[in-house]
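These are my notebook entries from an afternoon of looking at how two chains meet and at what lies inside them.

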Amino acid sequence: MIEQPQMVKICNIKDETPNVKTFFFEFTGHYDPGQFIMVWIPLNDEKPFTLSYINGNIAGITVLRRGDFTKTLHAKKIGDQIGIRGPYGKGYGLSEKSVTTCIVGGGIGMASIACLADRQENATFIQGARTVTELLFRHRFKEMKLCTDDGSLGYKGTTVDLLRELIGKHNYQKIYACGPEKMLHKIFELCSEHHIDCEVSVERYIKCGFGICGQCDCSGQRICIDGPVFNKEDLRNMPDFGKTAITKSGSRVSL
Amino acid sequence: MNGKMAGISLSVNLCNIRLSNPTVLASGILGTTRALLKRVADNGAGAVTIKSVSKEQREGHKNPTVITYEAGMLNAVGYSNPGVDAARSEFYNLEDIGAPVIASIIGTCTDDFVEVAEGLSESGFSAIEIPLSCPHTPGFGLLSGQGTPEATYEIISAVRRKTNLPIFVKISPNVPEITTIAKAAEDAGASAITAVNSMGPGMIINIESKKPVLGFKVGGVTGDALRPIAVRCVYDIYKAIKIPVIGVGGISTGRHAIEMIMAGAAAIGIGTGVYTRGIDVFSKVCAEMKQWLMENGYNNINDIVGIAHD
């Protein structure tokens, strides 16, 4: 295999929220929900994104405008090209239909978990955002339970608060989550307490994407190749999870 | 492993450091955290090297920083590292790693090298590696003239005066006569030569976007493409100096390792091989070396060091 970007044409762009857009392009090959691709803008930078849509041979990435790279990406038009390589990493493991599951997405973490929600049958789906205008994919997943920190729509509170209530009523056997690491860590603790299996997607600064540079370390696990999705047993042996992260320079910072 | 293979010794003594086998994690690969060093040691490495540390924190080059092609890999990470003070807190209790740990230090001037070496002197490293040969980071290595015999002598002498640890000097294959650099390092008090750093730099252009792929446009070339050059360099250096040579460049199998050792390497570095064969490349290479030694009537790896020479 050759780890180099291939140029693809942006064939559609969808405004999801004032700060979030989805870019669609042709994509063929096997993809497990939760895996990521590296997206390259020549002479600018390259960043990891999970595919948030797959429909036949068209895939999409859902991008929050946050820094220089995403600002440049947001300025792209239909017909412009971006480079992609991958997919990389280990995605979510789908559960049998008979398993009662709950999928939790927080903020832009929704992008990672949307394709799982497409494929996982018989799952409760919770989305949390700070406020109503930041909620994603409301028409795509009509049954989704919504929470907002400010109570502007749905449950007032965090996804963790809602999940805690739902665990009391339903007998979830498996919980999937992607979102801010503090949220993921609380869900991991909740699952440990209630003996529920879980898989969460962990984010770090990615450089190579194929397990050689060591930049995305989390307690000896390489997010890019050993993850980004880890289960409860993996996370138990990752003391850095929820606590510290390695930045672009290799400095360790508290989360 | 059968009984016969169990009797074959891969252990080597490198500058009075005992390595359970000659495989060494090359600098710049996975050496960012203590936890990763431990994992590499658990996967069979005889010694591990940290990612190079400078006086101040560095973000390095923009992505893409590492890409591969048909014959190997190109990288221009640009010496991202947290700086010497943060590195000191990251790399602690090194005796629990399970293999000797080598510090790699970089600087933009002689005083920086000395300062970083002193900054890491109490951390329990088994040796200090000094690369004077990076082909793709302004201010360091080849791009700041550190690869000449004169600069090599000056930097290594200065660090030698300040530390009792073994010093490995990592040199570039991009010179017409590599032995002059190796000799300058030896004369300055180096304990071993690490040969070689990546070659080039090289460039890969994406023809659809019509732009170089690497963020820094150019990057050091490693992997299979580098191996014959590295073997020749080690062969030449082994003849020219008395201190040991650590052979690095394109080694991903036991046969590659045996070849490098026959050229004169006392130990062998593995970098790109972590990509081609996985993080357990170290134990794989060791098993393959043992197999070859057994099939060829040897029971000690040290018996074939430099055997390719007349």
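Entry 1, the contact. I looked up which residues take part where the chains touch, and I found 36 residues from chain A and 40 residues from chain B. I keep in mind that this is a predicted model. The size of an interface is often given as the accessible area lost when the parts come together, so I looked that up next. Between chain A and chain B about 3100 Å² is buried, and carbon and sulfur atoms give 55% of that area.

I counted 16 residue pairs in polar contact between chain A and chain B, with both residues at pLDDT 80 or more. On the side of chain A that touches chain B, the elements giving two or more residues are strand E3 (36-41), strand E4 (45-50), strand E7 (81-88) and strand E15 (221-222). Sorted by class, that side of chain A holds 14 nonpolar, 12 polar and 10 charged residues. The rule finds three salt bridges across the interface, and I also noted that the side chains of A:Arg252 and B:Glu90 meet in a salt bridge, at 2.7 Å from N to O.

Which residues touch the most other members of the largest nonpolar core? Of its 144 residues, they are A:Leu163, A:Ile175, B:Ile130 and B:Ile193. Helix H10 (residues 281-295) of chain B gives the most to this core, namely seven residues. Apart from this core I found another, of 21 residues, which include A:Tyr53, A:Ile113, A:Leu146 and A:Tyr176.

Leaving aside neighbours within four places in sequence, I listed the contacts of B:Ile130, among them B:Ile105, B:Phe113, B:Val159 and B:Lys170.

Terms used: Residues numbered from 1 in each chain as written. Chains lettered and ligands numbered in written order. Predicted model: local features only at pLDDT ≥ 70, side-chain atom pairs only at ≥ 80, totals over all residues. Heavy atoms only, no water. Core = buried A, V, L, I, M, F, W, Y, C linked by side-chain atoms within 4.5 Å. Buried < 20%, exposed > 50% of the residue type's maximum accessible area, 1.4 Å probe, protein only. Helix = DSSP H or I, 4+ residues; strand = E, 2+ residues; numbered from the N terminus. Contact = heavy atoms within 4.5 Å. Buried area = accessible area lost by both parts, 1.4 Å probe. Salt bridge = Lys/Arg side-chain N within 4 Å of Asp/Glu carboxyl O. Polar contact = N/O pair within 3.5 Å; in protein donor to acceptor, adjacent residues only side chain to side chain. Nonpolar A, V, L, I, M, F, W, Y, C, P; charged D, E, K, R; others polar.
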